[in-house]
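Please consult the sequence and the 3D structure shown below.

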Amino acid sequence: MSDGFIATGGWIEVIAGVMFSGKSEELMRRVRRATIARKRVQLFKSHLDDRYAGLHRVSSHDGRTHEAIPIDSSAQVAQRIDAMAQVIAIDEVQFLDSGIVALVTALAEKGRRVILAGVDTDFRGEPFGAMPQLMAVAESVTKLHAICVVCGNPASRNQRLIDGEPARWDSPTIMVGAAQSYEARCRACHVVLRDDRQQVLLM
Ligand code: ADP
Ligand code: ZN
């Protein structure tokens with residue numbers, strides 16, 4: 001670490017992984033411990049995730065919740081930062097625009113501890129949003145795995161299902177009238193349907 005890091009005490013931590021890998025649990029564990037240490041903590045959560053319709057809370061899949069400030073963009077995070085906050089935590093950070101990279105870098109340079117949790121790959125298995133940049137600039141990266149619902153091995157992929165079938169590579173983000181769901185799967189059990197041309201390009 002550089003002297004600058006030691007002098008300011010600011011840094012960035014990223015908790016990355018598939019859905020159900022325990023990112024929210026781990027984020028909340030770190031937030032709780034910072035609170036016990038009497039740090040002033042602010043917790044933000046991207047709006048786009050409404051899995052339990054709890055827009056003002058971070059809910060982990062084990063049901064624990066914590067009050068959170070809902071935000072849709074990096075500009076909204078910047079507007080709502082409490083100047084006194086020592087720890088800034090953001091859940092579902094993969095949904096935010098690329099401006100989040102400069103914002104969290106500036107916060108760390110001003111001595112803030114920044115804790116980010118996000119899904120690192122999309123349903124195609126490709127890098128998600130600003131996650132690659134955030135993982136690169138972070139001092140600490142924790143990559144978590146879920147359990148593959150097909151074979152029981154560690155899961156590193158998000159399986160998207162539309163009406164119960166594996167989604168096509170080019171399927172739209174929102175499909176009107178279709179029931180979509182996600183499962184945690186390992187690389188071997190992860191299925192993305194591609195057309196023939198895309199298959200050839202891969203070979
Ligand atoms: P994330 O924020 O990464 O989506 P959460 O912290 O919300 O994860 O939830 C993790 C919890 O989800 C686990 O502790 C476990 O109880 C539950 N869970 C449900 N399905 C799975 C799975 N396939 N693999 C691992 N944990 C799962
Ligand atoms: Zn598997």
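The model is predicted: local features need pLDDT of at least 70, side-chain atom pairs count only at pLDDT 80 or more, and totals for chains, interfaces and linings use all residues. Residues are numbered from 1 along each chain as its sequence is written, chains are lettered from A and ligands numbered from 1 in the order in which they are written, and side-chain values use heavy atoms, without hydrogens and water.

C148, C151, C186 and C189 each coordinate the zinc ion (ligand 2) through SG, at 2.3 to 2.4 Å. Donors are N, O and S atoms within 2.8 Å of the metal (3.2 Å for Na, K and Ca); water is not among the atoms, so sites may look incomplete. Along the chain, the donors of the zinc ion (ligand 2) have the spacing C-x2-C-x34-C-x2-C. The arrangement around the zinc ion (ligand 2) is tetrahedral because the four donor atoms subtend angles of 101 to 119 degrees; four donors count as such if all angles lie between 85 and 135 degrees. The ideal angle for four tetrahedral donors is 109.5 degrees.

Accessibility is classed as buried (under 20% relative accessible area), exposed (over 50%) or partly exposed (in between), with a 1.4 Å probe and protein chains only.

| Residue | Relative accessibility | Class |
|---|---|---|
| C148 | 3% | buried |
| C151 | 39% | partly exposed |
| E92 | 8% | buried |
| D163 | 53% | exposed |

E92, a residue other than glycine, has a positive phi near 60 degrees and lies in the loop between β6 (87–91) and α4 (99–109). Helices (H or I, at least four residues) and strands (E, at least two) are DSSP runs, numbered from the N terminus. D163, also not glycine, has a positive phi near 50 degrees, and D163 is found in the loop between β11 (157–162) and β12 (165–166).

How values were computed
Tetrahedral: all angles 85-135°; square planar, octahedral: opposite > 155°, others 65-115°.
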